[in-house]
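Reader: I have the sequence and the model open before me. May I put some questions about how the chain is arranged?

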Amino acid sequence: MAKSTVWHLDKSPALRSTREIAVLGAGIAGCTSAVALAKRGFNVTLIDRHPIAGCEASGNSQGIVYPKLSARDDLLPRINLAAMQFSSRYYQPFWAQGLGQQCGVIVVPEDDKMRQDFEIIGQRFKDQPDLVQLYDNRELRRLSGINLQAQIGLYFPKLGWLSPTDICQQLVAQHRIPLLQADIQRVAHSDNRWHLFDADGQPCITSETLVIANAFDCKQFQQTEFLPVTQLRGQISHIPSNGTSSALKTVICGEGYITPQYNGQHSIGATYNKGVFTTALRPEDHQTNLEQICATDSGIASAIGSQNVTAMTGRANYRCTTKDYLPIVGAVANLTQLVEDYSALRRDAKSSIATAGSYLPNLYINCGMGSRGLSYAPLSAEILATELAGDTPILDEDLRLALHPTRFIIRDLKKKRL
Ligand SMILES: Cc1cc2nc3c(=O)[nH]c(=O)nc-3n(C[C@H](O)[C@H](O)[C@H](O)COP(=O)(O)OP(=O)(O)OC[C@H]3O[C@@H](n4cnc5c(N)ncnc54)[C@H](O)[C@@H]3O)c2cc1C
């Protein structure tokens with residue numbers, strides 16, 4: 001392996017001996033992180049601007065644990081596979097308690113290319129029926145409970161849907177993690193501690209270690225401003241179930257997705273609204289969701305029947321997305337020092353640099369969950385906690401580096417963008 005990959009190692013690991021951790025942000029990323037750390041004996045406090053966990057992106061009543069496999073064996077699909085398997089095990093006790101449903105997820109192809117990929121995936125995983133199976137129309141109808149028209153589809157028996165907001169609140173309650181309500185505007189390090197300040201400049205809490213898990217709002221802090229995350233609005237819609245649609249037994253994903261009914265409603269979704277900044281519901285987004293789910297399969301369109309867009313309810317919020325569609329998890333670099341130490345990459349992207357990276361003392365981040373927070377958060381929390389505890393890494397190094405916050409700095413240096 002080229003020596004330049006040691007950028008993820010810290011020049012000053014001695015500072016890491018700490019048992020006290022503040023986790024900023026009580027969404028699914030923050031709550032899973034807090035629990036993974038508490039399970040390893042750390043003394044964890046969560047901080048959020050809301051009095052309870054799971055109020056922003058993680059506030060939906062039905063979220064899908066999305067499957068994403070690929071015909072290729074690249075980094076992204078390998079990470080997605082690891083995340084899917086880890087999250088399926090992680091949510092097992094919640095499903096067993098009756099939260100959400102491990103009802104299985106069917107994915108139907110959107111075009112011919114996907115149909116071909118599905119055949120390859122079905123073949124590749126044919127010995128792992130608990131993970132995924134390629135089925136024909138007859139089986140898809142039997143499994144879903146409705147008259148799907150898709151001729152083939154992938155079925156993931158161990159996945160399903162959950163209420164992210166319930167999961168966040170359960171995690172906090174079950175592990176008795178204290179949640180401090182504060183809107184943090186600035187963080188600063190002095191006297192070997194992180195200090196978190198509110199809008200009035202008042203210190204709200206101090207801690208030896210800080211994990212920033214506040215999604216896109218990590219941009220407001222000088223230390224994490226460099227991270228290339230964007231905010232992408234999304235809206236889900238709720239439609240009333242009827243005699244036919246209530247027979248739906250699995251989640252179905254394609255161009256859109258639909259969940260089995262819960263409290264007499266199905267969730268359908270979700271829109272991607274670049275450059276739109278409102279959490280108010282928009283009728284045109286309900287319309288998009290309806291069109292997408294009808295385009296997913298005409299069998300779903302028949303099952304849900306005609307719907308009145310003006311009467312629909314739903315929820316809108318913001319995803320925190322990254323360009324490479326992967327979350328960001330790990331130690332936060334001392335940007336100026338790391339750029340200086342690795343500046344040779346600007347001249348020669350293949351330079352071998354033996355210097356370890358420079359990192360801010362005891363500062364970590366876990367964000368960038370994009371559209372897949374439910375799938376990614378348990379794994380990224382585990383990665384973070386194993387690292388802080390000094391446990392054996394749970395992912396191969398190439399996958400781990402693909403999730404590391406410093407990847408963007410190294411890429412930018414190599415492409416002379418920094
Ligand atoms: C419409 C829609 C549908 C979606 N559907 C799915 C789905 O089906 N399946 C799926 O896996 N994913 C889905 N997602 C994506 C998923 O919701 C996100 O990936 C996930 O919730 C992100 O979790 P998070 O903890 O990173 O962010 P959040 O849940 O937004 O948590 C961040 C927390 O930080 C707090 N915070 C922020 N700044 C500050 C501050 N300065 N001080 C104090 N507190 C602060 C916020 O209050 C918030 O509680 C969907 C997203 C949207 C918008």
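Predicted model: local features only at pLDDT ≥ 70, side-chain atom pairs only at ≥ 80, totals over all residues.

Reader: Which glycine in the hairpin of β10 and β11 takes a positive phi?

Author: Residues are numbered from 1 along each chain as its sequence is written. Four residues lie between the two strands of this hairpin. The glycine there with a positive phi, near 80°, is G201.

Reader: Which residue of β10 is the bridge partner of V187?

Author: Strand β9 (residues 184–190) runs antiparallel to strand β10 (residues 193–198), and six bridges join them. One of the paired positions links H189 to W194. For V187, the partner in β10 is L196.

Reader: Is N192 buried or exposed?

Author: N192 belongs to the loop between β9 and β10, and its phi is positive, near 60°, although N192 is a residue other than glycine. D191, in the turn of this hairpin, also has a positive phi, of about 50°. A residue is buried if 20 or more other C-beta atoms, placed from the backbone, lie within 10 Å of its own, partly exposed in between, and exposed if 12 or fewer do. Because N192 has 11 other C-beta atoms within 10 Å, N192 is exposed.

Reader: At which residue of α2 does a kink lie?

Author: Helix α2 (residues 75–96) has 22 residues and reaches 32 Å from its first C-alpha to its last. That is close to the 32 Å expected at 1.5 Å a residue, where the expected span is 1.5 Å times one less than the number of residues. The bend at a residue is the angle between axes fitted to the seven residues ending there and the seven starting there. In α2 a kink of about 35°, shortly before the proline P93, lies at Y90.

Reader: Against which elements do the buried residues of α2 pack?

Author: The buried residues of α2 include I79, A83, F86 and Y90. An α-helix has 3.6 residues a turn, so residues three or four places apart point the same way. Contact here requires C-beta atoms, placed from the backbone, within 7 Å. The elements packed against are β7 (161–162), α10 (373–389) and α11 (397–403).

Reader: How far apart do the C-alpha centres of domain 1 and domain 2 lie?

Author: The bounds come from an automatic or database domain assignment, with domain 1 covering 3–57 + 173–228 + 323–414 and domain 2 covering 105–157 + 232–322. Their contact takes 15 residues from domain 1 and six residues from domain 2. The distance between the C-alpha centres of the two domains is 33 Å.

Reader: Is R319 buried or exposed?

Author: R319 is found in strand β17 (residues 313–322). R319 touches A57, L232, G234, G370 and S371, not counting residues up to four places away in sequence. G373 is 54 residues from R319 in sequence, and their C-alpha atoms are 8.8 Å apart. Because R319 has 21 other C-beta atoms within 10 Å, R319 is buried.

Reader: Is A215 buried or exposed?

Author: A215 is found in the loop between β12 (209–212) and β13 (229–240). A215 has a positive phi of about 55° although it is not a glycine. Because 27 other C-beta atoms lie within 10 Å, A215 is buried.

Key: Contact = placed C-beta atoms within 7 Å. Pairing = 2+ DSSP bridges.
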